[in-house]
Structure formats: C-alpha cells, structure tokens
Amino acid sequence: MKKVLKVSAIVLASLLLIALVATFILPIFLEQPLKKALVEEFDKQTEQNYELGFDDLDISLFSRSISVDSIFVKPDSTSPHVQQITATSISISGISLWSLFSSSFPDFNSITVKEPNVQILERDLSSSLFSGKDSAETGEALEDLDTFTLFIENGSGTISTADGTELFSISDISLEAGDVDINKLLDGSELLFMEYLLIQGAGVKWNIQKDFYDLKIGNFSFDKQARSLDIANIALTPLLPKYEFSETKGYQLDRIDLEIPELSLSGLDLNSLTEDHVNVAEIEINEAWMEVFRNKKVDRKEGVNVKPMLNKLANSIDFSIGVDNITISDATIIYEEHKAPSDSSAAISFDDLDATISNIRTASHPSFTEDTLTLHVETLFMDTAPLTLDVSYPVFNEADIHTVKANLGSLDPKVAEKILARSGFVRVESGFVKSLDAELGLNSKSSKGKALILYRDLKISFLDEDTGEQGFGERFKDFIANNFSIKSENTEPDPTIGEIDFEREVEKSIFAYWWKSLLSGIKDSIQ
C-alpha cells in the first residue's frame, strides 16, 4: 500500500512538474505559429487592404492571457481614408483553455487596448452608423461566442483633410463596454447600442467651419446605463477678429463667441437611434457666456434670404428630435453691433440670466402635434433692470401663431445710451422709466398687441443717420418732438397704452421680430 501511495505521489509530482514546465516552454513553441495565424487572419478579415505589424507577442498559460505590443496598422492604396492605427498593447485575459480545443473561437473575459491612436482622412459617415443591426444581418458572423468586457485606455485620434488640415482631434479617450462579442466589436455601428457602455474623454477640438470656427471640449463623460452625458469647458471660438469675420465672408452675419463651463444631459436614450429618433429628458447649462457681434458696416447677403420661423425649421429636419426641458442658470448674453456712420460699436447685455425651455420637438417627433414650446426668462437688462420674458409657441401651428409677454422693471435709459445713439440715432437727454409691460400676439406675417411704458421727464435728441451728429434739421426735430409729438411723461392713473402693429421683416431673425414688434408699441405709447 505504501508503495502504491509512493508511486502515485511520484506520478502526481511529475504531472505538476510537466505542467509547470509546459507553462513556460509551450509559449516558446506557440509564439511563431500564433504570430503567423494572427497576421493571416487579419489579412483575411481586411481582404489584405491593410498591413499589420507588431513587436512582441506574449503568451502566458499560467495567467491565461495573450498580449501584443507596439501594434501598427497601415493601409494600402485601396483604403486611403485610414492613414494609420497604432496601439501600445492589446491584451486578452481570462482565456478558457478548454475553448481553445472545443470552439472555433476561444472564450475569454476581457480585451484591453492601451494608448491606441487612429489617424484617418475626412470621409462621409456611413448611413449604417446608427443602424443598430446585428452583424449577422449584414454579413458573415462568428457563431456561438461568449461575451467579454472591452477596455480602451488613453486613446487618441485625428481626422484630417487630404492636404493635412486637421478637422477633428481628441487627445484622450477611455472606454469600457460590457457584454461585447467579437461580432459587435467588428461591427462599429453596434458600439452605441451595447447595454453597458462608459466613455470618458478630454481635449476635443473640432474645426466645424473651416477658417471661421473651432469647437473645443475640455472633458466629457457618457454613461449609457445612467443615460447621462456630462461635458465641461465647451468653447465655440471664432478664428477671425470681429470686423474681419464678416469682411472675409463677404456679407453681414453674426459672429458668435460662446463658452459653457458645465453642460449635462439626462434621460438620453441612444437605443432609439435605430428608429431615427432621439429624446433627451433634461439639459442643464450653467454659467454660459455668449457674445454676438454684428458688423453692420458690411452689406447684407445678396438676394432675399428668408429667415425661417419655427414651424418651417421643425419640418426641415428629417429626424425625430425631442428635448423635454432645458434649464439655463447664471448665463450672460452680450449683443454688440457697429452701424455706419458711428466710429465705434455699442452693446447691450443680459446678465444673471436664468431660463427654462420646454417641449422642443421636430416635426417627426411623436408628440410634435401635442406639445407647445414654452420659454421663461428672468434676467437683468444691462445688469440693472429686471426683465422677464414668457413665450408660448405651438410650433405645430403652420401659421406660427404664438404669444410673447414681457415685463421690464425700473430703468435709467442712459444705461443704454450708446446703443441708442450709435444704432438708433437717438440720444436720451433725461428721463426715467418706471416699468414696461407688453403682450404680443404674432404669426408668420404680422404682430399685434399692447405695450404700456410708464416714464417721466423724458427728453430726447435726434442724430443725423449719415453723420451721427446733430445738425440744424435734427435740432428742429428735437424741438418738435419734445414740445409737440413726444409726451414727456406717461404715468398713472391714466397712462397711454401703445398699440403694437408690425409687419414681419422676413430677412430678420425671430428675436428681431419680437423686438421690433415691441418697439412699435413703445413708439405709439410715447407719442
């Protein structure tokens, strides 16, 4: 009996020794065949349109892992849009040794790609990007595969034009995706539809309009299970100085400079992209700053350039988009313009701006014909007078019928004297505005409503629109206006209520439409 136990112990020890030796020796014999097999399989999958190279292939049976270091992929002449793909390493861990013999493709726990870098040329995005279809529906797929977790660590990439101009770049991106199979990995359109997906990145730069705008993002984080996207330090930056911007374009347009320190989306359902639909429950924007500059010394664009109202705009987008609610906090908006013959520009500002916008829908959205867009704004005009704005706009109405209500608190008109003088050619010598209340009904053709402005001690001067100065004709108009046509005060208990009656100028924005409608009521109230 002792002899049997002794022999058994020797056999067991021998087997363990052989297994231990095999763990270190077998990889030596397997390395070259696996390298050859990897290159051959890569050539097969890419139809020999790319060249695969790498420095080392490390096999560890003890840790059940395989890693490949210093990988690079280069295209041949048939795939010019892909310039180069490199990675510090790609490792596969948790390999099931039994599956090496029992399956056409081995089972494993995870793939980790470290420091990948992708350089490609500009090309049109494939319409299948948001298909959400299984690769088995669109081509040959491997069957009976186990799932694994995919990790991408500290990736980067660029998209450039053929002449080398960089259009898009990202300096750092990491990704974790669960329940992945090889079919989903090979089919890039499947990535967004995986149930568990976490993406974090930083250093995004996108040249969205060549020579005119760059869009930059400091960092972002997307969590599909939480249905959330958080973005920090967004900047839309003009690439040309204020006056040169429109001069280079060759016509008058707004130059927008925008910074958003914090933006977050919640209730974001990407799976609905398969049905050409996306809806966001909530967007929060904090401490945004926007400056709009318009050089009115440059002529407008030739021809009639109609600015669409919201109904036409909603119907022009062939995709179902919905945003239930947008909350804007502590924002600042500055509008600046330079109008001839003034020798300098003038600006107005809306400070400490808080706003909510609800029920944004395109025409394809299932709730388009049911929901009414609403806007509520509370801000300080010129950092002085409280201003409240409420808009109710059933965008589904083809006549663009909507209402606007505005309330402005007490204001010294001199806080806006520069914009009044340099753009309106009116100088306020004295006066005080107690309040302004207006209610407008508008459609795609015209607006009507009432405006009540309470003020006292109003005295104004007119400026020559050709010189920006006051000549004899302007002094004569001052005398007539201040003594006969413009009331020096409009106070309670029996104030004059101005009638709003304005015909829409189709080449002006909807904001200009609201403002000029209100202005018609103010003029009627003070005359």
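In this predicted model, Val304 is located in the loop that runs between strand 14 (289-295) and helix 6 (310-315). The relative accessible area of Val304 is 65%, so the residue is exposed. Together with Val306 and Val506, Val304 makes a nonpolar surface patch of about 250 Å².

Aromatic contacts were examined next. A pair of aromatic rings is described by the distance of the centres and the angle of the planes. Searching the whole structure gives 6 aromatic pairs. One of these is formed by Phe212 and Phe245; the ring centres are 5.4 Å apart and the planes stand at 85 degrees, so the pair is edge-to-face. Distant parts of the chain are linked by this pair, since Phe212 belongs to the loop between strand 9 (196-209) and strand 10 (213-223), while Phe245 belongs to helix 5 (residues 242-249), 33 residues apart. Phe212 has a relative accessible area of 9% and is therefore buried. Phe245 is also buried, with a value of 1%. A second pair, Phe502 and Tyr513, is tilted, with 6.4 Å from centre to centre and 40 degrees between the planes. Phe502 is part of strand 22 (residues 498-503) and Tyr513 is part of helix 9 (residues 510-526), so this pair ties together parts 11 residues apart in sequence. Both Phe502 and Tyr513 are buried.

Phe212 and Phe245 also belong to one aromatic cluster with Tyr213. Lys249 lies over the face of Phe212, 4.4 Å from the ring centre.

How values were computed:
Residues numbered from 1 in each chain as written. Predicted model: local features only at pLDDT ≥ 70, side-chain atom pairs only at ≥ 80, totals over all residues. Heavy atoms only, no water. Patch = residues over 30% accessible without salt bridge, like charges linked within 9 Å, V, L, I, M, F, W, Y side chains within 5 Å. Areas by Shrake-Rupley, 256 points an atom, 1.4 Å probe, with all protein chains shown as cover. Salt bridge = Lys/Arg side-chain N within 4 Å of Asp/Glu carboxyl O. Helix = DSSP H or I, 4+ residues; strand = E, 2+ residues; numbered from the N terminus. Buried < 20%, exposed > 50% of the residue type's maximum accessible area, 1.4 Å probe, protein only. Phe/Tyr/Trp six-rings, centres within 6.5 Å; stacked < 30°, edge-to-face > 60°. Lys NZ or Arg CZ within 6 Å of the ring centre and 35° of its normal.
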